[in-house]
Amino acid sequence: MNLRTARYMIDEMMINLGRRKGANAIAVIIMGLSLLILIVFLMVTLNLASLIDKTSEEMRLFVYLEDGLEREVTQKIQLKLMGLRGIDEVSFISKDEALTEFRETLGEESDLLDELVENPLPDAFRVKPKRGYITSEFLASIAAETEKWEGVEEVRFGKKWFERGERLAKGIYIIDLALGLIIFLSVIFVIYNTVRLTVLQRRTTIDVMKLVGATNAFIRIPFILEGALQGIAASLLAIVLLTAIYTFSSRYLPGLVFMRRDALAGFVVFCAILGALGSFSAMRRFLKL
Amino acid sequence: MSPREQRIIAGIYHLSKDLGRHFSLTEINLQVTNGEFVFLVGPSGAGKSTLLRMMYMDDRPDSGQIVVGPYVSTRVTRKTIPGLRRMIGIVFQDFRLIEDRTVFENIALAMKVTGTQMSEIKQRVTKILTYVGLYHKRHDFPRTLSGGEQQRVAIARAVANRPSILLADEPTGNLDAVATRNVLELLFKINAGGTAVLMATHDIEMVQSFGQRIIYLENGRIARDREMIFVGDVRDRMEESSVSRRAEQLSDHDIGDEEKE
(Lines give C-alpha, C1' and ligand atoms only; values in the text may rest on other atoms or scores of the structure.)
Protein backbone atom coordinates (compact mmCIF):
# COMPACT_ATOMS: atom_id res chain seq x y z
CA MET A 1 0.00 0.00 0.00
CA ASN A 2 1.54 3.25 -1.06
CA LEU A 3 0.97 6.74 0.22
CA ARG A 4 -1.44 7.65 -2.57
CA THR A 5 -3.64 4.65 -1.86
CA ALA A 6 -3.62 5.55 1.82
CA ARG A 7 -4.73 9.06 0.92
CA TYR A 8 -7.51 7.73 -1.29
CA MET A 9 -8.70 5.55 1.57
CA ILE A 10 -8.90 8.57 3.84
CA ASP A 11 -10.69 10.43 1.04
CA GLU A 12 -13.19 7.60 0.91
CA MET A 13 -13.80 7.84 4.62
CA MET A 14 -14.24 11.60 4.45
CA ILE A 15 -16.71 11.30 1.58
CA ASN A 16 -18.63 8.60 3.43
CA LEU A 17 -18.77 10.74 6.55
CA GLY A 18 -19.55 13.97 4.74
CA ARG A 19 -22.26 12.75 2.39
CA ARG A 20 -24.42 11.08 4.98
CA LYS A 21 -24.34 13.59 7.76
CA GLY A 22 -27.86 12.78 8.92
CA ALA A 23 -27.41 9.05 9.06
CA ASN A 24 -24.03 9.42 10.72
CA ALA A 25 -25.35 11.87 13.29
CA ILE A 26 -28.17 9.49 14.20
CA ALA A 27 -25.75 6.60 14.50
CA VAL A 28 -23.48 8.64 16.77
CA ILE A 29 -26.40 9.78 18.92
CA ILE A 30 -27.72 6.23 19.36
CA MET A 31 -24.26 4.99 20.24
CA GLY A 32 -23.54 7.98 22.46
CA LEU A 33 -26.73 7.53 24.47
CA SER A 34 -26.15 3.86 25.06
CA LEU A 35 -22.56 4.59 26.04
CA LEU A 36 -23.91 7.22 28.43
CA ILE A 37 -25.79 4.47 30.27
CA LEU A 38 -22.56 2.54 30.57
CA ILE A 39 -20.48 5.47 31.73
CA VAL A 40 -23.11 6.70 34.21
CA PHE A 41 -23.17 3.19 35.59
CA LEU A 42 -19.39 3.21 35.87
CA MET A 43 -19.51 6.51 37.73
CA VAL A 44 -22.17 5.23 40.12
CA THR A 45 -20.06 2.14 40.77
CA LEU A 46 -17.02 4.29 41.37
CA ASN A 47 -18.94 6.40 43.88
CA LEU A 48 -20.34 3.36 45.63
CA ALA A 49 -16.87 1.91 45.93
CA SER A 50 -15.40 5.09 47.28
CA LEU A 51 -18.29 5.48 49.71
CA ILE A 52 -17.83 1.94 51.02
CA ASP A 53 -14.11 2.50 51.19
CA LYS A 54 -14.46 5.73 53.08
CA THR A 55 -16.95 4.25 55.53
CA SER A 56 -14.76 1.32 56.32
CA GLU A 57 -11.71 3.52 56.57
CA GLU A 58 -13.35 5.39 59.42
CA MET A 59 -13.46 2.14 61.29
CA ARG A 60 -11.55 2.33 64.59
CA LEU A 61 -10.75 -0.18 67.25
CA PHE A 62 -11.06 1.07 70.83
CA VAL A 63 -8.87 -0.50 73.46
CA TYR A 64 -10.23 0.51 76.88
CA LEU A 65 -7.79 0.36 79.76
CA GLU A 66 -8.32 -0.62 83.36
CA ASP A 67 -8.60 2.23 85.81
CA GLY A 68 -5.50 3.62 87.51
CA LEU A 69 -2.79 1.97 85.47
CA GLU A 70 0.87 2.81 85.84
CA ARG A 71 2.27 5.04 83.12
CA GLU A 72 4.76 2.38 82.08
CA VAL A 73 2.04 -0.23 81.66
CA THR A 74 0.07 2.15 79.48
CA GLN A 75 3.15 2.89 77.39
CA LYS A 76 3.92 -0.80 77.09
CA ILE A 77 0.43 -1.46 75.79
CA GLN A 78 0.81 1.35 73.26
CA LEU A 79 4.13 -0.07 72.03
CA LYS A 80 2.67 -3.54 71.77
CA LEU A 81 -0.29 -2.20 69.81
CA MET A 82 1.95 -0.36 67.43
CA GLY A 83 3.98 -3.51 66.95
CA LEU A 84 0.99 -5.46 65.70
CA ARG A 85 0.64 -6.31 62.02
CA GLY A 86 -1.71 -4.10 60.01
CA ILE A 87 -1.86 -1.17 62.40
CA ASP A 88 -1.54 2.31 61.00
CA GLU A 89 -1.94 4.61 63.95
CA VAL A 90 -2.44 4.34 67.69
CA SER A 91 -3.54 7.38 69.66
CA PHE A 92 -4.10 7.73 73.39
CA ILE A 93 -7.32 9.24 74.61
CA SER A 94 -7.26 10.07 78.28
CA LYS A 95 -10.42 9.85 80.28
CA ASP A 96 -10.56 13.65 80.43
CA GLU A 97 -10.27 13.99 76.70
CA ALA A 98 -12.93 11.33 76.33
CA LEU A 99 -15.25 13.30 78.55
CA THR A 100 -14.66 16.52 76.60
CA GLU A 101 -15.42 14.64 73.41
CA PHE A 102 -18.50 13.23 74.98
CA ARG A 103 -19.61 16.68 75.99
CA GLU A 104 -19.17 17.88 72.46
CA THR A 105 -21.22 14.99 71.14
CA LEU A 106 -24.02 15.75 73.53
CA GLY A 107 -23.98 19.41 72.65
CA GLU A 108 -26.73 21.34 74.45
CA GLU A 109 -27.57 18.41 76.64
CA SER A 110 -24.04 18.34 78.06
CA ASP A 111 -25.43 19.94 81.24
CA LEU A 112 -26.37 16.44 82.24
CA LEU A 113 -22.70 15.69 82.74
CA ASP A 114 -22.30 18.50 85.28
CA GLU A 115 -24.02 16.29 87.80
CA LEU A 116 -21.16 13.81 87.68
CA VAL A 117 -18.93 13.67 90.72
CA GLU A 118 -16.09 11.88 89.00
CA ASN A 119 -15.27 10.93 85.40
CA PRO A 120 -16.69 7.45 84.76
CA LEU A 121 -14.91 7.05 81.42
CA PRO A 122 -11.78 4.91 81.10
CA ASP A 123 -8.50 5.81 79.39
CA ALA A 124 -8.35 4.30 75.94
CA PHE A 125 -6.30 3.77 72.80
CA ARG A 126 -7.90 4.53 69.46
CA VAL A 127 -6.40 2.15 66.92
CA LYS A 128 -6.58 2.84 63.20
CA PRO A 129 -5.96 -0.24 61.07
CA LYS A 130 -4.11 0.00 57.77
CA ARG A 131 -6.28 0.25 54.67
CA GLY A 132 -6.04 -3.27 53.35
CA TYR A 133 -6.61 -4.81 56.77
CA ILE A 134 -10.09 -3.58 57.45
CA THR A 135 -12.07 -6.81 57.57
CA SER A 136 -14.19 -8.09 60.39
CA GLU A 137 -12.02 -11.21 60.78
CA PHE A 138 -8.84 -9.22 61.17
CA LEU A 139 -10.35 -6.78 63.63
CA ALA A 140 -11.85 -9.64 65.64
CA SER A 141 -8.50 -11.38 65.83
CA ILE A 142 -6.80 -8.22 67.07
CA ALA A 143 -9.55 -7.66 69.58
CA ALA A 144 -9.29 -11.23 70.87
CA GLU A 145 -5.54 -10.93 71.24
CA THR A 146 -5.35 -7.54 72.89
CA GLU A 147 -8.16 -8.31 75.28
CA LYS A 148 -5.87 -10.91 76.92
CA TRP A 149 -3.21 -8.33 77.66
CA GLU A 150 -2.59 -7.13 81.13
CA GLY A 151 -4.21 -3.77 81.86
CA VAL A 152 -6.72 -4.05 79.03
CA GLU A 153 -10.30 -3.94 80.17
CA GLU A 154 -12.20 -4.32 76.95
CA VAL A 155 -11.78 -4.00 73.17
CA ARG A 156 -14.58 -2.80 70.94
CA PHE A 157 -15.03 -2.16 67.26
CA GLY A 158 -18.75 -2.35 66.62
CA LYS A 159 -18.52 -5.92 65.47
CA LYS A 160 -22.19 -6.53 64.62
CA TRP A 161 -22.55 -3.25 62.77
CA PHE A 162 -19.35 -3.79 60.91
CA GLU A 163 -20.20 -7.32 59.82
CA ARG A 164 -23.56 -6.17 58.57
CA GLY A 165 -21.89 -3.40 56.61
CA GLU A 166 -19.48 -5.87 55.09
CA ARG A 167 -22.29 -8.15 53.94
CA LEU A 168 -24.18 -5.20 52.49
CA ALA A 169 -21.11 -4.06 50.57
CA LYS A 170 -20.60 -7.56 49.20
CA GLY A 171 -24.24 -7.71 48.09
CA ILE A 172 -23.99 -4.33 46.44
CA TYR A 173 -20.88 -5.40 44.57
CA ILE A 174 -22.52 -8.58 43.28
CA ILE A 175 -25.63 -6.75 42.07
CA ASP A 176 -23.45 -4.05 40.58
CA LEU A 177 -21.32 -6.57 38.73
CA ALA A 178 -24.35 -8.42 37.32
CA LEU A 179 -25.97 -5.16 36.26
CA GLY A 180 -22.70 -3.98 34.80
CA LEU A 181 -22.35 -7.12 32.74
CA ILE A 182 -25.86 -6.74 31.32
CA ILE A 183 -25.32 -3.06 30.51
CA PHE A 184 -21.93 -3.79 29.00
CA LEU A 185 -23.30 -6.52 26.75
CA SER A 186 -26.27 -4.43 25.62
CA VAL A 187 -24.02 -1.49 24.82
CA ILE A 188 -21.77 -3.72 22.75
CA PHE A 189 -24.84 -5.08 21.01
CA VAL A 190 -26.23 -1.60 20.25
CA ILE A 191 -22.92 -0.33 18.93
CA TYR A 192 -22.29 -3.41 16.88
CA ASN A 193 -25.74 -3.17 15.32
CA THR A 194 -25.54 0.54 14.65
CA VAL A 195 -22.20 0.19 12.94
CA ARG A 196 -23.50 -2.83 11.07
CA LEU A 197 -26.41 -0.81 9.73
CA THR A 198 -24.05 1.92 8.62
CA VAL A 199 -22.07 -0.67 6.73
CA LEU A 200 -25.16 -2.27 5.22
CA GLN A 201 -26.44 1.10 4.03
CA ARG A 202 -23.30 1.28 1.94
CA ARG A 203 -23.84 -2.05 0.34
CA THR A 204 -23.89 -0.62 -3.19
CA THR A 205 -20.71 1.30 -2.55
CA ILE A 206 -19.01 -1.85 -1.37
CA ASP A 207 -20.39 -3.95 -4.25
CA VAL A 208 -19.24 -1.35 -6.74
CA MET A 209 -15.80 -1.21 -5.22
CA LYS A 210 -15.51 -4.96 -5.49
CA LEU A 211 -16.60 -4.84 -9.13
CA VAL A 212 -14.08 -2.23 -10.14
CA GLY A 213 -11.28 -4.24 -8.61
CA ALA A 214 -10.68 -2.68 -5.21
CA THR A 215 -8.62 -4.82 -2.90
CA ASN A 216 -10.26 -5.92 0.32
CA ALA A 217 -7.98 -3.60 2.24
CA PHE A 218 -9.05 -0.64 0.14
CA ILE A 219 -12.71 -1.41 0.85
CA ARG A 220 -12.29 -2.26 4.49
CA ILE A 221 -9.92 0.34 5.84
CA PRO A 222 -12.11 3.40 5.20
CA PHE A 223 -15.02 1.66 6.90
CA ILE A 224 -12.93 0.57 9.85
CA LEU A 225 -11.61 4.10 10.27
CA GLU A 226 -15.15 5.38 10.02
CA GLY A 227 -16.32 2.92 12.67
CA ALA A 228 -13.49 4.01 14.95
CA LEU A 229 -14.32 7.68 14.42
CA GLN A 230 -17.98 7.05 15.14
CA GLY A 231 -16.97 5.25 18.32
CA ILE A 232 -14.81 8.19 19.37
CA ALA A 233 -17.52 10.73 18.56
CA ALA A 234 -20.10 8.69 20.47
CA SER A 235 -17.83 8.33 23.50
CA LEU A 236 -17.13 12.06 23.53
CA LEU A 237 -20.85 12.73 23.37
CA ALA A 238 -21.36 10.37 26.30
CA ILE A 239 -18.60 12.12 28.29
CA VAL A 240 -20.08 15.56 27.63
CA LEU A 241 -23.49 14.36 28.80
CA LEU A 242 -21.92 12.67 31.82
CA THR A 243 -20.19 15.91 32.76
CA ALA A 244 -23.52 17.70 32.56
CA ILE A 245 -25.18 15.04 34.73
CA TYR A 246 -22.30 15.21 37.19
CA THR A 247 -22.39 18.99 37.45
CA PHE A 248 -26.12 18.94 38.01
CA SER A 249 -26.23 16.15 40.56
CA SER A 250 -23.21 17.22 42.59
CA ARG A 251 -25.29 20.19 43.65
CA TYR A 252 -27.39 17.72 45.59
CA LEU A 253 -24.69 15.17 46.33
CA PRO A 254 -21.62 17.21 47.29
CA GLY A 255 -19.23 14.27 47.74
CA LEU A 256 -19.81 12.89 44.26
CA VAL A 257 -16.66 11.59 42.61
CA PHE A 258 -16.07 12.12 38.86
CA MET A 259 -14.35 9.64 36.58
CA ARG A 260 -10.60 9.96 36.47
CA ARG A 261 -9.07 11.42 33.33
CA ASP A 262 -7.11 8.34 32.41
CA ALA A 263 -10.25 6.24 32.86
CA LEU A 264 -12.07 8.58 30.46
CA ALA A 265 -9.22 8.35 27.94
CA GLY A 266 -9.39 4.57 28.24
CA PHE A 267 -13.14 4.75 27.64
CA VAL A 268 -12.61 6.72 24.41
CA VAL A 269 -10.02 4.24 23.18
CA PHE A 270 -12.32 1.36 24.09
CA CYS A 271 -15.15 2.92 22.05
CA ALA A 272 -12.86 3.51 19.08
CA ILE A 273 -11.85 -0.14 19.10
CA LEU A 274 -15.46 -1.23 19.51
CA GLY A 275 -16.52 0.86 16.50
CA ALA A 276 -13.67 -0.42 14.36
CA LEU A 277 -14.36 -4.04 15.33
CA GLY A 278 -18.06 -3.51 14.63
CA SER A 279 -17.29 -2.32 11.10
CA PHE A 280 -14.82 -5.09 10.54
CA SER A 281 -17.03 -7.94 11.66
CA ALA A 282 -20.11 -6.48 9.94
CA MET A 283 -18.23 -6.50 6.65
CA ARG A 284 -16.92 -9.97 7.27
CA ARG A 285 -20.25 -11.46 8.17
CA PHE A 286 -22.60 -9.63 5.86
CA LEU A 287 -20.49 -8.80 2.87
CA LYS A 288 -18.08 -11.71 2.95
CA LEU A 289 -15.09 -9.48 2.69
CA MET B 1 -7.86 0.21 -38.54
CA SER B 2 -5.13 -2.34 -38.92
CA PRO B 3 -6.13 -5.99 -38.55
CA ARG B 4 -5.24 -7.33 -35.15
CA GLU B 5 -3.93 -10.63 -34.10
CA GLN B 6 -6.84 -12.74 -32.92
CA ARG B 7 -6.46 -13.73 -29.35
CA ILE B 8 -8.92 -15.20 -26.90
CA ILE B 9 -9.65 -12.76 -24.11
CA ALA B 10 -12.23 -14.81 -22.28
CA GLY B 11 -12.97 -18.46 -22.62
CA ILE B 12 -15.50 -20.75 -21.03
CA TYR B 13 -14.70 -24.45 -21.21
CA HIS B 14 -17.03 -27.36 -20.40
CA LEU B 15 -18.81 -25.30 -17.81
CA SER B 16 -21.67 -26.71 -15.76
CA LYS B 17 -23.53 -24.94 -13.03
CA ASP B 18 -26.59 -25.80 -11.02
CA LEU B 19 -28.85 -22.74 -10.88
CA GLY B 20 -31.36 -24.26 -8.45
CA ARG B 21 -35.05 -24.96 -9.06
CA HIS B 22 -34.19 -27.56 -11.68
CA PHE B 23 -32.34 -25.08 -13.85
CA SER B 24 -28.75 -25.53 -14.77
CA LEU B 25 -26.10 -24.59 -17.26
CA THR B 26 -24.65 -27.61 -19.01
CA GLU B 27 -21.49 -28.02 -21.02
CA ILE B 28 -21.05 -24.38 -21.97
CA ASN B 29 -18.18 -23.60 -24.30
CA LEU B 30 -17.55 -20.16 -25.66
CA GLN B 31 -14.64 -17.91 -26.42
CA VAL B 32 -14.52 -14.20 -26.93
CA THR B 33 -11.60 -12.81 -28.90
CA ASN B 34 -10.15 -9.36 -28.63
CA GLY B 35 -12.22 -6.63 -30.18
CA GLU B 36 -15.19 -8.92 -30.66
CA PHE B 37 -18.81 -7.96 -29.98
CA VAL B 38 -20.97 -10.81 -28.78
CA PHE B 39 -24.63 -10.86 -27.84
CA LEU B 40 -25.61 -13.52 -25.34
CA VAL B 41 -29.30 -14.10 -25.86
CA GLY B 42 -31.77 -16.19 -23.96
CA PRO B 43 -35.02 -16.00 -22.01
CA SER B 44 -34.87 -14.64 -18.50
CA GLY B 45 -33.79 -17.31 -16.07
CA ALA B 46 -31.67 -19.03 -18.68
CA GLY B 47 -28.54 -18.32 -16.66
CA LYS B 48 -27.09 -15.40 -18.61
CA SER B 49 -26.44 -13.36 -15.50
CA THR B 50 -24.94 -16.31 -13.70
CA LEU B 51 -22.69 -16.94 -16.63
CA LEU B 52 -21.49 -13.35 -16.61
CA ARG B 53 -21.07 -13.46 -12.85
CA MET B 54 -18.87 -16.50 -13.22
CA MET B 55 -16.85 -14.62 -15.81
CA TYR B 56 -16.01 -11.88 -13.34
CA MET B 57 -15.60 -14.64 -10.80
CA ASP B 58 -18.16 -13.59 -8.28
CA ASP B 59 -19.48 -17.13 -8.61
CA ARG B 60 -17.75 -20.43 -9.39
CA PRO B 61 -18.76 -23.06 -11.93
CA ASP B 62 -19.64 -26.51 -10.55
CA SER B 63 -17.36 -27.98 -13.15
CA GLY B 64 -15.39 -26.73 -16.10
CA GLN B 65 -13.24 -23.65 -16.30
CA ILE B 66 -13.34 -19.99 -17.13
CA VAL B 67 -10.25 -18.21 -18.31
CA VAL B 68 -10.08 -14.43 -18.55
CA GLY B 69 -6.69 -13.11 -19.56
CA PRO B 70 -4.23 -14.78 -17.20
CA TYR B 71 -6.92 -15.57 -14.63
CA VAL B 72 -8.31 -19.10 -14.33
CA SER B 73 -11.48 -19.71 -12.34
CA THR B 74 -10.14 -22.83 -10.68
CA ARG B 75 -7.07 -21.07 -9.40
CA VAL B 76 -8.26 -17.56 -8.68
CA THR B 77 -8.09 -16.41 -5.06
CA ARG B 78 -9.43 -13.52 -3.06
CA LYS B 79 -6.10 -11.82 -3.52
CA THR B 80 -6.03 -12.12 -7.31
CA ILE B 81 -9.67 -11.26 -8.00
CA PRO B 82 -9.12 -7.46 -7.86
CA GLY B 83 -6.58 -7.81 -10.67
CA LEU B 84 -9.09 -9.74 -12.74
CA ARG B 85 -11.82 -7.17 -12.13
CA ARG B 86 -9.53 -4.40 -13.34
CA MET B 87 -9.30 -5.98 -16.77
CA ILE B 88 -13.07 -6.42 -17.00
CA GLY B 89 -15.65 -3.65 -17.23
CA ILE B 90 -19.06 -4.58 -15.85
CA VAL B 91 -22.41 -2.95 -16.55
CA PHE B 92 -25.78 -3.92 -15.10
CA GLN B 93 -29.43 -3.37 -15.82
CA ASP B 94 -29.78 -1.37 -12.61
CA PHE B 95 -26.71 0.84 -13.26
CA ARG B 96 -25.31 0.41 -9.73
CA LEU B 97 -24.10 3.92 -9.33
CA ILE B 98 -23.27 5.16 -5.87
CA GLU B 99 -26.09 7.46 -4.87
CA ASP B 100 -24.15 9.88 -2.74
CA ARG B 101 -21.36 10.44 -5.24
CA THR B 102 -21.34 12.74 -8.19
CA VAL B 103 -20.99 11.45 -11.72
CA PHE B 104 -17.33 12.42 -11.64
CA GLU B 105 -16.70 10.68 -8.32
CA ASN B 106 -18.47 7.52 -9.43
CA ILE B 107 -16.09 7.16 -12.32
CA ALA B 108 -13.03 8.37 -10.43
CA LEU B 109 -13.59 5.71 -7.77
CA ALA B 110 -12.87 2.96 -10.28
CA MET B 111 -9.48 4.53 -10.92
CA LYS B 112 -8.74 5.42 -7.32
CA VAL B 113 -8.93 1.79 -6.30
CA THR B 114 -6.15 1.02 -8.75
CA GLY B 115 -3.99 3.74 -7.22
CA THR B 116 -3.93 5.97 -10.28
CA GLN B 117 -2.53 9.46 -9.83
CA MET B 118 -5.14 12.14 -9.22
CA SER B 119 -4.01 14.28 -12.16
CA GLU B 120 -4.35 11.30 -14.45
CA ILE B 121 -7.75 10.43 -13.00
CA LYS B 122 -9.00 13.95 -13.68
CA GLN B 123 -7.75 13.84 -17.23
CA ARG B 124 -9.15 10.43 -17.96
CA VAL B 125 -12.55 11.00 -16.35
CA THR B 126 -12.92 14.28 -18.24
CA LYS B 127 -12.13 12.48 -21.45
CA ILE B 128 -14.52 9.59 -20.85
CA LEU B 129 -17.31 11.90 -19.75
CA THR B 130 -16.89 13.89 -22.91
CA TYR B 131 -16.87 10.65 -24.84
CA VAL B 132 -20.20 9.51 -23.38
CA GLY B 133 -21.57 13.03 -23.76
CA LEU B 134 -22.10 13.79 -20.08
CA TYR B 135 -19.24 16.10 -19.20
CA HIS B 136 -21.69 18.88 -18.43
CA LYS B 137 -23.30 16.66 -15.78
CA ARG B 138 -20.07 15.74 -14.00
CA HIS B 139 -21.11 17.38 -10.73
CA ASP B 140 -24.63 15.96 -10.74
CA PHE B 141 -25.78 13.11 -8.54
CA PRO B 142 -27.08 9.93 -10.21
CA ARG B 143 -30.69 10.37 -9.09
CA THR B 144 -30.96 13.61 -11.04
CA LEU B 145 -30.06 11.84 -14.29
CA SER B 146 -32.34 9.94 -16.63
CA GLY B 147 -32.01 6.16 -16.87
CA GLY B 148 -30.15 6.39 -20.14
CA GLU B 149 -27.73 8.94 -18.70
CA GLN B 150 -27.14 6.83 -15.62
CA GLN B 151 -26.35 3.85 -17.78
CA ARG B 152 -23.89 5.91 -19.79
CA VAL B 153 -22.19 6.92 -16.56
CA ALA B 154 -22.06 3.26 -15.57
CA ILE B 155 -20.49 2.42 -18.90
CA ALA B 156 -18.02 5.25 -18.48
CA ARG B 157 -17.06 3.82 -15.12
CA ALA B 158 -16.72 0.35 -16.63
CA VAL B 159 -14.25 1.51 -19.26
CA ALA B 160 -12.31 3.89 -17.00
CA ASN B 161 -9.52 1.39 -16.42
CA ARG B 162 -9.30 0.44 -20.12
CA PRO B 163 -10.62 -3.08 -19.74
CA SER B 164 -9.99 -5.69 -22.42
CA ILE B 165 -13.55 -6.91 -22.16
CA LEU B 166 -16.81 -5.26 -21.19
CA LEU B 167 -19.52 -7.48 -19.70
CA ALA B 168 -22.98 -5.96 -19.95
CA ASP B 169 -25.88 -7.70 -18.24
CA GLU B 170 -29.15 -6.48 -19.82
CA PRO B 171 -27.79 -2.94 -19.99
CA THR B 172 -30.89 -1.73 -21.83
CA GLY B 173 -33.39 -3.62 -19.69
CA ASN B 174 -34.59 -0.55 -17.83
CA LEU B 175 -34.43 1.89 -20.70
CA ASP B 176 -36.86 3.27 -23.24
CA ALA B 177 -36.29 2.96 -26.97
CA VAL B 178 -34.27 6.13 -27.38
CA ALA B 179 -32.03 5.47 -24.40
CA THR B 180 -31.61 1.87 -25.54
CA ARG B 181 -30.37 3.07 -28.89
CA ASN B 182 -27.96 5.50 -27.26
CA VAL B 183 -26.54 2.85 -24.99
CA LEU B 184 -26.14 0.38 -27.85
CA GLU B 185 -24.41 3.01 -29.94
CA LEU B 186 -22.08 3.69 -27.09
CA LEU B 187 -21.27 0.00 -26.68
CA PHE B 188 -20.59 -0.33 -30.40
CA LYS B 189 -18.39 2.73 -30.25
CA ILE B 190 -16.41 1.30 -27.37
CA ASN B 191 -16.13 -1.99 -29.22
CA ALA B 192 -14.94 -0.19 -32.32
CA GLY B 193 -12.20 1.24 -30.14
CA GLY B 194 -10.88 -2.25 -29.52
CA THR B 195 -12.63 -3.41 -26.38
CA ALA B 196 -14.39 -6.75 -26.59
CA VAL B 197 -18.01 -6.58 -25.48
CA LEU B 198 -20.20 -9.40 -24.23
CA MET B 199 -23.75 -8.22 -23.79
CA ALA B 200 -26.47 -10.39 -22.33
CA THR B 201 -30.05 -9.64 -23.28
CA HIS B 202 -33.38 -11.38 -23.62
CA ASP B 203 -34.37 -9.14 -26.54
CA ILE B 204 -33.70 -11.43 -29.51
CA GLU B 205 -35.39 -9.21 -32.05
CA MET B 206 -33.34 -6.21 -31.15
CA VAL B 207 -29.98 -7.90 -31.53
CA GLN B 208 -30.75 -9.69 -34.78
CA SER B 209 -30.62 -6.49 -36.77
CA PHE B 210 -26.97 -5.83 -36.04
CA GLY B 211 -25.14 -8.71 -37.57
CA GLN B 212 -22.89 -9.30 -34.59
CA ARG B 213 -22.12 -12.69 -33.24
CA ILE B 214 -25.10 -14.00 -31.28
CA ILE B 215 -24.99 -16.85 -28.82
CA TYR B 216 -28.37 -18.35 -28.00
CA LEU B 217 -28.73 -19.85 -24.58
CA GLU B 218 -31.65 -22.26 -24.26
CA ASN B 219 -32.46 -24.81 -21.58
CA GLY B 220 -29.06 -24.32 -20.06
CA ARG B 221 -27.12 -25.07 -23.22
CA ILE B 222 -25.74 -23.05 -26.06
CA ALA B 223 -28.40 -23.70 -28.71
CA ARG B 224 -26.75 -21.73 -31.46
CA ASP B 225 -23.60 -19.67 -31.84
CA ARG B 226 -23.85 -17.48 -34.85
CA GLU B 227 -20.27 -16.46 -35.45
CA MET B 228 -19.64 -13.01 -36.72
CA ILE B 229 -19.76 -13.17 -40.47
CA PHE B 230 -16.54 -12.09 -42.14
CA VAL B 231 -15.70 -8.45 -41.97
CA GLY B 232 -17.01 -7.39 -45.34
CA ASP B 233 -20.38 -8.75 -44.53
CA VAL B 234 -20.47 -6.87 -41.27
CA ARG B 235 -19.56 -3.70 -43.04
CA ASP B 236 -22.51 -4.26 -45.38
CA ARG B 237 -24.81 -4.82 -42.50
CA MET B 238 -23.48 -1.82 -40.70
CA GLU B 239 -24.37 0.22 -43.71
CA GLU B 240 -27.92 -1.01 -43.31
CA SER B 241 -28.11 -0.14 -39.70
CA SER B 242 -28.15 3.52 -38.87
CA VAL B 243 -27.18 2.72 -35.32
CA SER B 244 -24.03 0.98 -36.41
CA ARG B 245 -23.25 3.65 -38.91
CA ARG B 246 -23.29 6.29 -36.26
CA ALA B 247 -21.21 4.08 -34.07
CA GLU B 248 -18.62 3.82 -36.77
CA GLN B 249 -18.47 7.55 -37.21
CA LEU B 250 -18.11 8.07 -33.53
CA SER B 251 -15.34 5.54 -33.25
CA ASP B 252 -13.01 7.90 -35.06
CA HIS B 253 -12.19 9.53 -31.81
CA ASP B 254 -12.19 6.54 -29.60
CA ILE B 255 -10.91 6.34 -26.09
CA GLY B 256 -9.85 2.78 -25.82
CA ASP B 257 -6.52 2.39 -27.45
CA GLU B 258 -4.60 5.44 -28.43
CA GLU B 259 -2.95 5.58 -25.04
CA LYS B 260 -2.55 1.87 -24.76
CA GLU B 261 -0.51 1.46 -27.89
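In the predicted model, helix 1 of chain B, which spans residues 48–55, lies across strand 1, strand 2 and strand 4 of chain B, and its direction runs at about 125 degrees to that of strand 1. The strands in question belong to an open sheet of four strands in chain B, arranged in the order 2-1-4-5 with antiparallel pairing. Strand 2 (23–33) and strand 5 of chain B stand at the edges of this sheet, and because each has a single partner strand, one side of each is left without a neighbour in the sheet.

Within this sheet, strand 1 of chain B, covering residues 8–20, is joined to strand 4 (residues 63–68) by five bridges, the two strands running antiparallel; in this pairing B:S16 stands opposite B:S63 of strand 4. Strand 1 of chain B is also joined to strand 2 of chain B, here by eight bridges and again in the antiparallel sense, with B:G20 having B:F23 in strand 2 as its bridge partner. Strand 4 and strand 5 of chain B form a hairpin with two residues between them, and B:G69, which lies in the turn, has a positive phi of about 55 degrees.

A further open sheet in chain B contains six strands in the order 6-7-8-3-9-10, and its pairing is mixed. The edge positions are taken by strand 6 (88–91) and strand 10 (221–226) of chain B, each of which has a single partner strand, so that one side of each is left without a neighbour in the sheet. At one end of the strand order, strand 6 of chain B runs parallel to strand 7 (residues 165–169) of chain B, the two being joined by four bridges, and B:G89 stands opposite B:L166 in strand 7. Helix 5 of chain B, formed by residues 147–159, packs on this sheet and touches both strand 6 and strand 7 of chain B, its direction making about 165 degrees with that of strand 6.

Chain B also forms an interface with chain A, in which 26 residues of chain B are in contact with 24 residues of chain A. The size of an interface is often given as the accessible area lost when the parts come together. For chain B and chain A, the buried area is about 2100 Å², and carbon and sulfur atoms give 55% of this value. On the side of chain B, the residues that lose the most area to chain A are B:D100, B:R101 and B:K112, which together account for 27% of what that side buries.

Ten residue pairs are in polar contact between chain B and chain A, counting pairs in which both residues have pLDDT 80 or more. Helix 2 (81–86), helix 3 (103–112) and helix 4 (118–131) of chain B are the elements that give two or more residues to the side of chain B that touches chain A, and the largest share, four residues, comes from helix 3 of chain B. By class, this side of chain B has twelve nonpolar, five polar and nine charged residues.

Side chains of opposite charge can pair when their charged atoms come close. Over all chains, 18 salt bridges are found in the whole structure, and four salt bridges are found across the interface of chain B and chain A. B:R101 forms a salt bridge with A:E12, with the closest N and O atoms 2.9 Å apart. This pair crosses between chains, linking B:R101, in the loop between strand 6 and helix 3 of chain B, to A:E12 in helix 1 (residues 3–19) of chain A.

Key:
Residues are numbered from 1 along each chain as its sequence is written. Chains are lettered from A and ligands numbered from 1 in the order in which they are written. This is a predicted model: local features need pLDDT of at least 70, side-chain atom pairs count only at pLDDT 80 or more; totals for chains, interfaces and linings use all residues. Side-chain values use heavy atoms; hydrogens and water are left out. Two strands pair if DSSP finds at least two bridges between them. Contact means heavy atoms within 4.5 Å. Axes are lines fitted to C-alpha atoms, for helices over the stretch in contact, and angles run from 0 to 180 degrees between N-to-C directions. Buried area is the accessible area (1.4 Å probe) that two parts lose on being put together, summed over both. A salt bridge is a side-chain nitrogen of Lys or Arg within 4 Å of a carboxyl oxygen of Asp or Glu. A polar contact is a pair of N or O atoms within 3.5 Å; within protein, one must be able to donate a hydrogen and the other to accept it, and residues adjacent in sequence count only if both atoms are side-chain atoms. Ala, Val, Leu, Ile, Met, Phe, Trp, Tyr, Cys and Pro count as nonpolar, Asp, Glu, Lys and Arg as charged, and the others, Gly among them, as polar.
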